[in-house]
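Open the model in a viewer and keep the sequence panel beside it. The stops below are given in the order in which to select them.

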Amino acid sequence: MNRQYEKETICIQSGWKPKNGEPRVLPICQSTTFKYDSSEQMGRLFDLEEEGFFYTRLQNPTNECVAAKICELEGGTAAMLTSSGQAATYYAVFNICEAGDHVVLSSTVYGGTFNLLTCTMKKMGISCTVVDPDAPAEEIEKAFRENTKCVFAETIANPALVVLDIEKFAYLAHGHQVPLIVDNTFATPINCNPFRWGADIVTHSTTKYMDGHAVSVGGCIVDSGNFDWAEYPDKFPGLCTPDESYHGIIYTEKFGKAAYITKATSQLMRDLGSIQSPQNAFLLNIGLETLPLRMERHCYNAQRVAEYLEAHEKVAWVNYPGLKSSRYYELAKKYMPGGTCGVISFGLKGGRSAAASMMDHLNLAAIVTHVADARTCILHPASHTHRQMSDEQLIEAGVAPDLIRLSVGIENVRDIIADLEQALCQAD
Ligand SMILES: *Cc1c(COP(=O)(O)O)cnc(C)c1O
């Protein structure tokens, strides 16, 4: 087989490749452990001398197949699943940062990521400098320090919908000999492959579009294999010097392009244990099969809804990267020519109170703390997901206090618009 499959085909055919007589559909290996005939062979597995499964906290065949599919979709060299998107973010950063290190963080990242890096990881001695992703390169440049180990940003920020200038960020990161980590949750690999534009590592909350049906929480980390850790051994001692917890293995020497993911599975997953359950990986795999179809419909519907809202007299502003009026229209066209995502943010002329009133009148769109799945849903971040943040922090994160986040589903768009129409009509 020489042909490199298109993404639609990868979504259906990749990952699990059954041999003669094996199940056609990816089986759930609901087993914590795996049997071996000799004690010596088991020993070699523990020493990472041989590849194989021994305990599901470290690796599981179902999970491996699903990670391999996502890896192929992103055009990476190695990938791993995690129990949640939060775990993916944490591992992606902690795999190369330790106490005393520093991260450059885009201010518009998801609220959970912002908390993790600015509060929780700070307690672990890892500091970060928050930068405005729209600032000129010379401005962002000032955030870098001697001890900076990575840059973290989102392709399309949740919920600010800021489209990242990936090339600008990759250029800045590489100029300081550190990798760019991009959370590609909202765009999905169907609409954007950050590796093509210089990102080194991609993370996902698979809970969102990838699963797509709001049935399983999960995450994924993919490594492009492009960042040459061995070039900067002083910056990345965890990858370039002997790991005492593995009899002195040096990841970059032993695993080459797979060094980063191997360290994350064999060291972080071993010690911290945020594994995705094989049952959830199975569900995620079913979601992945229809991801391209769903993304197309999400983007089509969101474009129609955004245009409808923009023309509505009660609507003060609409932010959707597919609108010509969006300041991210050009960036979106460059990085995501096939469409961005199904999420729209907007504000009403009546402000915060009109937002609450409108949301209470919706019938089809449900108020839920979720985003990016098949069902249309809505949220007011300032009152819900971001309520721990001050107004000042909200504005810095690109989340205006009146911002309504509408996640457009894959229902018939006429029904979605009709629901919004009657709710806007009744809102005061
Ligand atoms: C939801 C989300 C996360 C966190 O993922 P969980 O699966 O909820 O832990 C991280 N990044 C982005 C962009 C998200 O939307």
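Select L161, which is buried, with a relative accessible area of 0%; buried means under 20% relative accessible area, exposed over 50%, and partly exposed in between (1.4 Å probe, protein chains only). This is a predicted model, in which local features need pLDDT of at least 70 and side-chain atom pairs count only at pLDDT 80 or more, while totals for chains, interfaces and linings use all residues. Residues are numbered from 1 along each chain as its sequence is written, and side-chain values use heavy atoms, with hydrogens and water left out.

L161 has a positive phi of about 60° although it is not a glycine. It sits in the loop between strand 4 and helix 7; helices (H or I, at least four residues) and strands (E, at least two) are DSSP runs, numbered from the N terminus. Stay in that loop and select P159, which is placed there too. The peptide bond joining N158 and P159 is cis, with omega about 0°.

Now select T108, in the loop between strand 2 (102-106) and helix 5. T108 is buried at a relative accessible area of 7%. Leaving aside neighbours within four places in sequence, its contacts (heavy atoms within 4.5 Å) include N158, A160 and V162, along with P133, E154, A157 and A397.

Move on to helix 7 (166-175) and colour its buried residues: I166, K168, F169, A170, L172 and A173. These pack against strand 3, helix 6, strand 4 (148-154), strand 5 (180-183) and helix 14. Just after the helix, Q177 takes a positive phi of about 55°.

Which residues does W197 touch, not counting those up to four places away in sequence? Select I166, E167, A170, K334 and Y335. W197 itself lies in the loop between helix 8 (188-191) and strand 6 (201-205), and is buried with a relative accessible area of 17%. From W197 to I166 the C-alpha distance is 6.2 Å, although the two are 31 residues apart in sequence.

Two of the residues that W197 touches, K334 and E167, also meet each other through their side chains in a salt bridge (2.5 Å, N to O). A salt bridge here is a side-chain nitrogen of Lys or Arg within 4 Å of a carboxyl oxygen of Asp or Glu.

## The domain interface

Colour domain 1 (7-286) and domain 2 (292-426) separately; the bounds come from an automatic or database domain assignment. Their C-alpha centres lie 29 Å apart. The contact takes 36 residues from domain 1 and 39 residues from domain 2.

Between them the domains bury about 3100 Å², 63% of it on carbon and sulfur atoms. Buried area is the accessible area (1.4 Å probe) that two parts lose on being put together, summed over both.

How many salt bridges are there between domain 1 and domain 2? The count is two. Across the same interface, 17 residue pairs are in polar contact (both at pLDDT 80 or more). Such a contact is a pair of N or O atoms within 3.5 Å; within protein, one must be able to donate a hydrogen and the other to accept it, and residues adjacent in sequence count only if both atoms are side-chain atoms. To see the side of domain 1 that touches domain 2, show helix 1 (7-13), helix 5 (111-123), helix 7 (166-175) and helix 8, the elements that give two or more residues to it.

## Salt bridges elsewhere in the tour

Select D134 and R327, whose side chains meet in a salt bridge (3.5 Å, N to O). D134 lies in the loop between strand 3 (127-131) and helix 6 (137-141) and R327 in the loop between strand 8 (315-319) and helix 14 (329-335), so the pair ties together parts that are 193 residues apart in sequence. D134 is partly exposed at 26% relative accessible area, whereas R327 counts as exposed at 64%.

Next select E49 and K254, which form a salt bridge at 3.7 Å, N to O. E49 is in the loop between helix 2 (39-46) and helix 3 (61-74) and K254 in helix 10 (residues 251-255), 205 residues apart.

## Last stop

Finish at A372, in the loop between strand 10 (366-367) and strand 11 (377-379). A372 has a positive phi of about 65° although it is not a glycine, and counts as buried at 0% relative accessibility. Then select D373, which is buried at 4% and forms a salt bridge with R375, the closest N and O atoms being 3.3 Å apart.
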